[in-house]
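Let's take a walk through this model together. Have the sequence and the 3D view open side by side, and follow along.

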Amino acid sequence: MILILSDDQGWGDIHHHGNTILETPTLDRLAAEGAEFENFFVEPLCAPTRAGLLTGKYYLRTGTSWVSRGLENMDPSETTLAELFRQNGYITGCFGKWHNGAHYLQHPNQHGFDEFAGFCAGHWNNYFNTTLEKNGSPVKATGYITDFLTRQAISFIKNSQDKPFFCYIPYNVPHSPFQVPDVYFDLYKSEGLNNKDACVYGMIANMDDNIENLLRALDSLSLVDHTIVIFLSDNGPNGHRYNGKLKGIKGSIDEGGVKVPFFIRWSGKIPAGTRINTMGAYIDVAPTLVKLCNLKVPKGLKFDGIDLSPLLTGVNSPHLPRKIFSKKSSFSKIGRAHV
């Protein structure tokens with residue numbers, strides 16, 4: 001099981017969604033080879049979406065209410081997807097931006113991940129030859145950060161190939177700072193874009209190439225038929241650029257701030273080219289994976305999300321009437337979150 005989360009990538013930051021400048025052949029391929037939810041929603045900001053994605057609960061239930069000042073921290077008592085998978089015999093790894101707490105009990109290694117490489121904060125200042133963390137110790141991340149995180153994830157998959165594994169890859173692109181290898185920047189700068197947008201598109205293109213490396217690793221290890229691959233973003237775009245006809249950007253509860261791409265591939269199980277109109281949400285990922293992977297859950301554990309697997313497998317495709325709630329977050333001068 002591979003769960004890929006991008007950071008600040010809008011619905012329109014994919015060629016498949018009508019973006020005529022940005023090339024994302026790997027993400028387009030995932031959409032073609034599996035299922036796409038055409039109306040999938042998250043929260044307007046990073047940490048809230050991540051907390052809900054990992055727990056299947058609306059983020060306010062998890063203790064997370066903002067993106068900084070300790071309000072991004074997830075309650076240590078919450079049960080994460082990693083803990084559920086590990087309890088069911090899976091090897092678990094997280095490679096990227098955590099953003100749900102850095103203290104001991106909130107750390108990824110204490111929330112079910114056997115292996116962690118990345119950073120716990122919501123922001124990182126340097127994407128080249130930086131120093132990250134690996135299981136509590138500093139590690140030199142040679143080269144570009146997305147390339148490094150992908151290499152770490154592929155190494156984890158290779159080392160875990162004889163056992164079931166859960167690999168969570170929360171990339172930190174195209175979140176600022178806007179840094180990318182020149183070859184990617186130059187490609188989009190030549191299209192006449194301003195420096196920021198050229199860098200953003202370059203960051204996404206680089207991530208797309210890295211996801212291709214992940215898929216190739218699955219091919220080489222003969223794991224394609226045995227591995228679910230999910231891709232989504234954590235909120236709307238971090239700036240005004242192509243986003244279809246959606247209103248709003250990151251931080252907004254308008255559709256452009258909370259509607260994101262969501263692709264899921266499971267060869268032989270989910271029919272290729274499946275398109276689903278029913279609304280899905282970040283809180284649905286956990287209960288859906290529990291069903292698809294036949295996970296046993298602790299007695300009394302409840303999700304706010306619903307199991308979407310019937311829509312994916314074709315066993316039953318009901319139009320599920322529901323409401324999905326988003327909260328416009330703000331932070332006051334005295335440090336309290338407001339509704």
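Predicted model: local features only at pLDDT ≥ 70, side-chain atom pairs only at ≥ 80, totals over all residues.

**A guided tour**

Residues are numbered from 1 along each chain as its sequence is written, and side-chain values use heavy atoms, with hydrogens and water left out.

Now back up into α6 itself, residues 195–220. Helices here are DSSP runs of H or I with at least four residues, strands are runs of E with at least two, and both are numbered from the N terminus. The expected span of a helix is 1.5 Å times one less than its number of residues. At the start of α6, a side-chain oxygen of N194 comes within 3.2 Å of the backbone nitrogen of K196.

Next, look at T80, in the loop between α2 (46–55) and α3 (81–87). Is T80 buried or exposed? T80 counts as buried because its relative accessibility is 0%. A polar atom of its side chain lies 2.6 Å from the backbone oxygen of H111. Setting aside neighbours within four places in sequence, T80 is in contact (heavy atoms within 4.5 Å) with L54, M74 and H111.

The loop between α2 and α3 also holds R69. With a relative accessible area of 61%, R69 is exposed.

Most residues other than glycine have a negative phi, and most peptide bonds are trans. R69 has a positive phi, near 60°. N129, in strand β6 (residues 128–134), has a positive phi too, near 45°, and counts as partly exposed at 44% relative accessibility. As for peptide bonds, a cis one joins V173 and P174, with omega about 5°, and the bond from S176 to P177 is cis, with omega near 5°. P174 is in the loop between β8 (165–170) and α5 (182–189), and P177 is found in the loop between β8 and α5 as well.

On a 1 Å grid over the protein atoms alone, a cavity is a set of points where a 1.4 Å probe fits but cannot get out, while a pocket is an open set with protein on both sides within 12 Å along at least five of seven lines; lining residues have an atom within 4 Å of a point. The largest pocket has 13 lining residues, with M1, Y90, P164, H226 and T227 nearest its centre.

What lines the largest cavity? The lining is made up of F37, F40, I230, F262, I264, D284, V285, T288, L308 and L312. Both β11 (262–265) and α8 (285–292) supply at least two residues each to that lining.

Key: Polar contact = N/O pair within 3.5 Å; in protein donor to acceptor, adjacent residues only side chain to side chain. Buried < 20%, exposed > 50% of the residue type's maximum accessible area, 1.4 Å probe, protein only.
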